[in-house]
Amino acid sequence: MSASAQAPTREAALTLMLRQGEVTAAQLAQDLGVSVQVMRRHLRSLEEDGLVEASPCTEGPGRPSNHWRLTQAGRGQFPDGSDDFALGLLSSMAASLPTGTVDQLLQRQAADKATDYRQRIGGGTLQQRLERLVDLRRSEGYVAELRPDPEGQGWVMSEFHCSVMKIAEQFPCVCDQELQLIRHTFPDCQVERVHWLLEGGQACGFRLEPC
């Protein structure tokens, strides 16, 4: 298989592991439409590059099967919009401005960005507006998806890759801003966080239900 043919399969495998957490070679092969043998070769190559790692897991009779997951370097393959300049700027502001000023600025930014989102999303049903928001978030570097809420009448928007993760690790208040952003964008909904990457979750998730 040529290098150009291998690249899309490798990238698709990394994305599936980002979304699903731990998966077997057989699961990846089925989802990507390739043989298990081909998938195992891809995984070994990704392992050699330090992008994935395996752990044996017994799931019944027979020899244990490997469950594959992304390493930190593997997660780093996805777009990241937080750079050293933004992080350094926030650090300088937090050190020089009165306590709470950075939080206030982030809250203002959330409100302003929500206004922009609402204009770009337009009208329609909640599902239609959420689907447009997911498209916007994907264009900003988030690996986002939308699914019906299994526990209610609304929807859950999940983001498996956060484009400002590096900043959020040092300034968790950025995550509060993200929650407020979704609430301002959908003022006709109840919005709550249901998953959080910073607390070890597989994704950041927001549940939205009409008021």
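## Terms and model

Buried means under 20% relative accessible area, exposed over 50%, and partly exposed in between, with a 1.4 Å probe and protein chains only. At 1% relative accessibility, Leu181 therefore counts as buried.

The model is predicted, so local features need pLDDT of at least 70 and side-chain atom pairs count only at pLDDT 80 or more, while totals for chains, interfaces and linings use all residues. Residues are numbered from 1 along each chain as its sequence is written, and side-chain values use heavy atoms, with hydrogens and water left out.

Leu181 lies in helix H9, which spans residues 173-185; helices are DSSP runs of H or I with at least four residues, numbered from the N terminus. Beyond its neighbours within four places in sequence, Leu181 is in contact (heavy atoms within 4.5 Å) with Ala110, Lys113, Ala114, Tyr117 and Arg137. His161 is 20 residues from Leu181 along the chain, and the C-alpha atoms of the two are separated by 17 Å.

Gln177 is also found in H9. With a relative accessible area of 7%, Gln177 is buried. Its side chain joins that of Gln109 in a polar contact of 2.9 Å. A polar contact is a pair of N or O atoms within 3.5 Å; within protein, one must be able to donate a hydrogen and the other to accept it, and residues adjacent in sequence count only if both atoms are side-chain atoms. Leaving aside neighbours within four places in sequence, Gln177 is in contact with Leu106, Gln109 and Ala110.

## Helix H6 against H9

Two packed helices are described by the angle between their axes and the distance between the axes. Axes are lines fitted to C-alpha atoms, for helices over the stretch in contact, and angles run from 0 to 180 degrees between N-to-C directions. Helix H6 (residues 101-121) packs on H9 at about 35°, with the axes 8 Å apart. On the H6 side, the residues that meet H9 include Leu106, Gln109, Ala110 and Tyr117. Gln177, Leu181 and His184 are among those in H9. The contact of H6 with H9 has nine nonpolar, five polar and three charged residues; Ala, Val, Leu, Ile, Met, Phe, Trp, Tyr, Cys and Pro count as nonpolar, Asp, Glu, Lys and Arg as charged, and the others, Gly among them, as polar.

## Helices H2 and H3

Helix H2 (residues 25-32) and helix H3 (residues 36-48) pack at about 110°, with their axes 9 Å apart. H2 and H3 are therefore roughly perpendicular, a term for angles of 65 to 115 degrees (under 35 is roughly parallel, over 145 roughly antiparallel and the rest oblique). The contact includes Leu28 and Leu32 of H2 and Met39 and Arg40 of H3.

Technical notes. Helices (H or I, at least four residues) and strands (E, at least two) are DSSP runs, numbered from the N terminus.
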